[in-house]
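Hi everyone, thanks for coming.

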Amino acid sequence: MNNREIWLFVFLSGVLLFNWPFLEIFSQSACYYLFGIWGLYILAIKLFMAAMQRRGE
Amino acid sequence: MFQGWLLFFGILGYLSLLFLIAHIADRREKAGRSIVSNPYVYSLSLAVYCTSWTFYGSVGRAANSGLSFLTIYLGPTLMASLWVLLLKKMIRIAKENRITTLSDFVGSRYGNSLALSALITIVAVVGITPYLGLQIKAIMSSFAILTGSTQGISVAGWMITLILGVFSIIFGARRLDTSERHEGLVFAIAFESIVKLAAFISVGVFVTYGLFNGFAEIMDKIKSSDYGELLYIGNGTPISYAEWASLTFLSMMAIMFLPRQFHVAVVENSDPSHVSKAIWLFPLYLLLINIFVLPVAFGGLLLGGSQSAADSFVLTIPLEQGRHMLAFFVFIGGFSAATGMVIVESLALSTMVMNSLVMPAIFRFNEMEGFPTVILNIKRMVILGCTFLGYVFAISIGEFYSLVDMGLKSFEAVTIFAPSIIFGLYWKRGNKNGAAAGIIAGFIIWIYTLLVPALFKSGLLHEQGLFQYVVNSRLLNPHALFGVEGFDKWSHTLFWGLLLNIICYVGFSIFTKQDVEEEKQALMFVESYTLPMFPVKSNYSAKQIQEILGQYIGKREAVEIVRSFLQRHGIRRELLNQHEYTLLRDEAERVLSGAVGTAIATIILEDKLTLTEQERGDISSSIKQMTETLRLSRQELATANRNLAYLKEFSENIIESAPVGIVTLDDSLRVRYWNKEIETLTGIRKSEAFNRSIVAVLPWLTREVIQEAEHHDATILTPQFQTFEINVSPFKDPSGGFVVIFEDITEKRKMEEQLLQTSKLASLGKLTAGISHEIGNPLASISSLIQELRSLRIGTLISSREGSRQENAEEKRRTALQPLPEAEFIEGSLKTINGHIERIANIVRSLSNFARTSGRDKSMSQLGEILDRTINLVRYDKRFRNVHLIPEIGLLPSVRVNPDQIQQVFLNMMLNAIDAMPEGGELTISMKQEGDMVVMSFCDTGAGIDDAVIDRIFDPFFTTKPVGKGTGLGLSICYGIIREHNGRISVKSKNGEGTTFTIRLPVHD
């Protein structure tokens, strides 16, 4: 995957995670799910960025 | 409660502190020691997104609609993951085109269209007004809460608006700024972001841990209260999935296209690499500022607060708990959130208004006395106008809406720009007609579905006459356009606005043509062409450029700009060449862009300085040619790409199919390529080896070996007893690295050893044939002579005895029968000599036999019969009497062999076994068929062969027998015979337990 594809993948994954159907799946604990996934998503962005910087992109 | 004057004093003090901070940052920038140009300040400045909506409105939204407030922050978080692609591109384009506002950006993309810039500006001003009103309403409300009175709140609001307007002027228009960036402003905004975050977290901690026992208690209590539904999302809850998705999308657009966000993210960006950190730092800020929203909202409800008053929970809770200082700190935090937004937004809007509406109208009055001062004062008036527009909205319409409602109207408004900007960045054919049509369509939908209902609600419009008929009609109902129902308010406007916007944009772009200027700008924006590709000549002097600049930014500033340009480039005014004039023109355009906008700056310099009709024509044809070249280049590039892909695949196939291990290394000996064969040879997979040092992957391949192999092939024996021949070739390109080829020569080595053995035997065979012949002949003569001598000598001795003593016949006969002592000695010696000669003859015969191991005839023979014959021969050896022979002969096919040679082999095997068992023992001889082979084994129970010598027993002249007992040729001859029959002979032995020789011969020769 190139740089552009990776970021599009991250973005689309986020769109999916923060919307239906995941919200319905975790509807009973939506509050904890949203804050938890939010934190993990930020961490994922940071890690992807760090990996790309290591690759010199 | 607080006195009004005290709060005013606090506000002024805080704003003065901000100004001081900005002043320090400006001074540091001028001294060349910027404290702003780093990703952390950049990320904090982006947090100007968090306004009093976040500070007060999120709590209100959470108390009324539960988790829906999160959409406003999840959208920007998602969008941040695309910043590497989208924002970086926008920054690069903005810097290359000296763009200072969102309207300039859009106008510039569509052929430097002033009309489009003006349209964007109008939409932005109208659309952002509710957002400005939101901030002013929030400040007024918080002021009223802290003073405990609503009396005179309008006057206080007016005063606060004036103060904010004046400070906006101080920050952004105290002089005619020729710079695109304002480090002081950015640093002040970053400071405000810290203040509002600290204030919100303070009140959050107070509520969560001061009034309750943490998050869990608040959540448990709210779950079991009447407000339990606030914890859920979906149909039947305060927010549906559709509304959730719409709000998320709106906030994604807002973070990119709100004028103030464009200003801090694009215009104020000092280094595009800061985006790489901001993509996670900014979402982290949003996460932190939202952690305590739910506890504060739910805490307020649990403490008895009403949902309608939830916008002010952050203030009312500490006040009711007697925490006045905390309340004041929170007030400053909220004020900080609002002022940051108002200052940056009003500056961004005023610059848009100046560049797109005011300057196009007045720039031709440049020769008027004090023209720069006029521009400056107009800009100040525009700033004040923008802030007061917000105030008017706040007091007229704002009181009917929550903070979030007002903010979302602005989000919907800026979403109108999205198709023109996003399509404009990636689709070259998008043109200004399409952009204008799309924006107008979107704006009409926005006005009709959001603003008109708000005006009705506030009483500024009345549902009477035509209005009443239209809004109540089935097709034009502003809440259900074209009779389509089921949307929430925000999804409804978003859907219709975006749909018509995109249809108009794409439709008009397809059916109308771009002009030359649009084509040029489209190339710049979509294909990332840079300005130097469109060179513009300047035929005017530095003095003329300075005069033009002086008309718009003031003479003193113009002189300073030209002087600093000459100084920076180390050139003298009178010695400027054409290229340096062009650079000076670019510098003048950059300065003018900062002051009056890109479009006007271009017009001014084109009119005044540079382009003749001929030059315009040249540029036009140059663009056409470039477009055509680009089209052809793309086709060639696509073909080249296909060829390249084929070549790549072809090369990889070759490397992967090669029967040798191929590894490529970079200059630091890290593995970059690892083919399949090397995986097979080493058992190490590509994924395990990739990007690791070869020395770590294959410890036996040291740097020294690689260096040595660079000069000539190296041979290495691995710890796994594999023998590799290694060839190292350095890459020719400057990046360095090596290609290492590994060839497994383990089998080859074994074959070579066998070949050597065979060759030795062949040579020896030839040699012994000659020697045995040469020795055999004289040996035969000697042997016959000795035989003769023996008989002659005895006869002579007998004759001499007859001559000397002829007494009687009886005596003579008796004497003849009694051997003389001399005769006995001679007889004994001759016998000994003869015995030795016999032994020599035996050796010679063995050698002759050894020499005859090749070139004999083969015939179909029964191996069992050959073995029988051999046993019959051996049976007469007296040593064989103590050996118990156990034959195990199976059913065997006839085999094509040389019977004499095979018999010799069997004989050798059996004699060796007898020698190994001097005290007797068992000799088991088995013969059986295994597949295509006949397997024969000779297993004795003798002394066995020592491990140290077992590998050498087939070597010629090697023997373990005492000197004189063996020639050392027997097994060597057997080896030669069996090899000649395409068979194999092997041995297994254990000291003290015996030896087994196994012979395998193929059934079919």
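Let me begin with a term: a salt bridge here is a side-chain nitrogen of Lys or Arg within 4 Å of a carboxyl oxygen of Asp or Glu. Before I use it, some housekeeping. This is a predicted model, where local features need pLDDT of at least 70 and side-chain atom pairs count only at pLDDT 80 or more, while totals for chains, interfaces and linings use all residues. Residues are numbered from 1 along each chain as its sequence is written, chains are lettered from A and ligands numbered from 1 in the order in which they are written, and side-chain values use heavy atoms, with hydrogens and water left out.

How many salt bridges does a search of the whole structure find? Over all chains, there are 14.

In one of them, the side chains of Lys489(B) and Asp405(B) meet at 3.0 Å, N to O. Lys489(B) sits in helix α22 (residues 489-511) of chain B and Asp405(B) in helix α18 (residues 403-415) of chain B, so this pair ties together parts that are 84 residues apart in sequence. Helices (H or I, at least four residues) and strands (E, at least two), by the way, are DSSP runs numbered from the N terminus. Are these two partners buried or exposed? Buried means under 20% relative accessible area, exposed means over 50%, and partly exposed is in between, using a 1.4 Å probe and protein chains only. Lys489(B), at 31% relative accessibility, counts as partly exposed, and Asp405(B), at 14%, counts as buried.

Next, Glu243(B) and Arg61(B), whose side chains meet in a salt bridge of 3.5 Å, N to O. Glu243(B) is in helix α11 (residues 241-257) and Arg61(B) in helix α3 (residues 52-65), both of chain B, so to speak a link between distant parts of the chain, 182 residues apart. Both Glu243(B) and Arg61(B) are buried.

And then Arg1000(B) with Glu930(B), at 3.7 Å, N to O. Lys928(B) joins Glu930(B) and Arg1000(B) in a network of salt bridges.

Let's go back to helix α22(B). The expected span of a helix is 1.5 Å times one less than its number of residues. For the 23 residues of α22(B) that gives 33 Å, and its end C-alpha atoms are 33 Å apart, which agrees. Its buried residues include Trp490(B), Leu494(B), Trp496(B), Leu498(B) and Tyr505(B). What covers the buried residues of α22(B)? The cover includes α11, α18, α19 (418-426) and α20 (432-458) of chain B, where contact means heavy atoms within 4.5 Å. At the start of α22(B), a side-chain oxygen of Asp488(B) comes to within 3.1 Å of the backbone nitrogen of Trp490(B). That pair meets the cut-off for a polar contact: N or O atoms within 3.5 Å, where within protein one must be able to donate a hydrogen and the other to accept it, and residues adjacent in sequence count only if both atoms are side-chain atoms.

Now the interior. A nonpolar core is a set of buried Ala, Val, Leu, Ile, Met, Phe, Trp, Tyr and Cys residues joined through side-chain atoms within 4.5 Å. The largest one has 229 residues, and Tyr49(B) and Trp83(B) have the most contacts inside it. Helix α16 (residues 324-362) of chain B gives the most to this core, with 20 residues. Where does the core lie? Domain 1 (4-365 + 379-411) and domain 2 (535-611) of chain B both give residues to it, so it lies between them; the domain bounds come from an automatic or database domain assignment. Apart from it lies another core, of 44 residues, among them Val883(B), Val897(B), Met927(B) and Phe997(B).

Thr598(B) is buried, with a relative accessible area of 5%. The C-alpha atoms of Thr598(B) and Asn97(B) are separated by 7.7 Å, though the two are 501 residues apart along the chain.

Finally, chain A. Chain A has three helices and zero strands, and 37% of its 57 residues count as buried.
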